[in-house]
Amino acid sequence: MGFLFSQFSKPSGFVGKVVGWMMYKQNADINKWAMSFLDIQSTDCVLEIGFGPGYCVKELCETYEGVCVIGLDPSETMVEEAKRRNQKGVEQGQVKLVKGYAEEVTEVHDTIDKVLAINNITYWEDPVGTLTTLRKRMSEKGRISVALQPHEKGANDQTTVIIGDQIRSFLEQAGFKQVLVHHKPGNPTKTTCVVGSVSSVPLIANDS
C-alpha cells in the first residue's frame, strides 16, 4: 500500500508511467473544468503544479496560442514524460518543466499570471505557506484554481464539500481575494474546485 501511495504522490519507473497515464485519464475532465475558471489569455504565464505526464501542459499550449507554461512536479519520471510529450514547446521556450515540489515555487523566476493544481494539494507540506508564496509571485491579474476529487476509502460527496471549505480557508489565509468554491458531479465522488484572485475583481462563476 505504501508503494502504491508513493507512486501517486511521486511516480517513478515503469509503474510510475502507468500511474501517470491513470492520473491523466482520471483528471482529463477535471483539468478542463479547472482551467475554465482562469480566464487564460495568450500573453499569460501559467504555472501547473504537479503536471504529471504533461497532457494538461500540451492542452494549454494547443488551446491558448502564445501562452507560456511552467511546471513543477516532484517526479523525475513525470518530468521526462512531460518533456517528451511537449518536446516542441520545450525546444521553442514556450514550456519550462522542472523537477520540484510545490514549496519550491521560489525557484520559478517568471512572473506568474495563472496557477493550476489538480489533485495534489493534499501532498503539500505547508499549503498556506506555499499559497502565500505563490500569491506574492503572481501578477495583479493573477488567478489560481485548485481542484480535488477525493478517492480515499469511505469518501463521499460530503467529503468533497468539507475539503472544498478547507481549501477555501487555505486560500483566504494566504491572502487571495474573491475566493469561490465550485462542485462538479462525478464518480466515485464529486470534485471541488476552489478559485481565488490576487485582485478584488469579482470572479465569474462557472459550475457547468
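Trainee: Let's start with T192. Is T192 buried or exposed?

Mentor: Good place to begin, and keep in mind that this is a predicted model. T192 counts as buried, because its relative accessibility is 0% and the cut-off for buried is under 20%.

Trainee: Where does T192 lie?

Mentor: T192 is part of strand β7, which covers residues 191-197.

Trainee: And what does T192 touch?

Mentor: Leaving out residues up to four places away in sequence, the list includes W33, V146, A147, L148, T160, I163, H182 and H183. H182 comes up again in a polar contact: its backbone oxygen is 3.4 Å from a polar atom of the T192 side chain.

Trainee: What about V195 and S197, are they buried or exposed?

Mentor: V195 has 2% relative accessibility, so it counts as buried. S197 is buried too, with a relative accessible area of 3%. Both V195 and S197 belong to β7. The side chain of S197 also has a polar atom 3.2 Å from the backbone oxygen of S199.

Trainee: OK, zooming out. What order do the strands of the sheet have?

Mentor: The order is β3-β2-β1-β4-β5-β7-β6, which makes an open sheet of 7 strands with mixed pairing. At the edges stand β3 (95-99) and β6 (177-184); each has a single partner strand, so one side of each has no neighbour in the sheet. From one strand to the next, the twist averages 15°.

Trainee: What holds paired strands together in general?

Mentor: Strands of a sheet pair through backbone hydrogen bonds, and they can be parallel or antiparallel.

Trainee: Which sense do β5 and β7 have?

Mentor: β5 and β7 are antiparallel, with 6 bridges between them. As an example, V146 stands opposite V194 in β7.

Trainee: And on the β4 side, how does β5 run?

Mentor: Strands β4 (residues 112-118) and β5 (residues 138-148) run parallel, joined by 6 bridges. In β5, A147 is the bridge partner of I118, and S145 is the bridge partner of L116. To get from β4 to β5, the chain passes through α6, giving a right-handed β-α-β crossover.

Trainee: Why is β5 described as largely enclosed?

Mentor: Because 9 of its 11 residues are buried, β5 is largely enclosed by the rest of the structure.

Trainee: Switching to helices: which strands does α7 lie across?

Mentor: Helix α7 (residues 157-173) lies across β5, β6 and β7, and it runs at about 15° to β7.

Definitions and conventions. Residues numbered from 1 in each chain as written. Predicted model: local features only at pLDDT ≥ 70, side-chain atom pairs only at ≥ 80, totals over all residues. Heavy atoms only, no water. Helix = DSSP H or I, 4+ residues; strand = E, 2+ residues; numbered from the N terminus. Buried < 20%, exposed > 50% of the residue type's maximum accessible area, 1.4 Å probe, protein only. Polar contact = N/O pair within 3.5 Å; in protein donor to acceptor, adjacent residues only side chain to side chain. Pairing = 2+ DSSP bridges. Axes fitted to C-alpha atoms, helices over the stretch in contact; angles between N-to-C directions. Contact = heavy atoms within 4.5 Å. Right-handed = clockwise from strand over helix to strand, strands pointing away.
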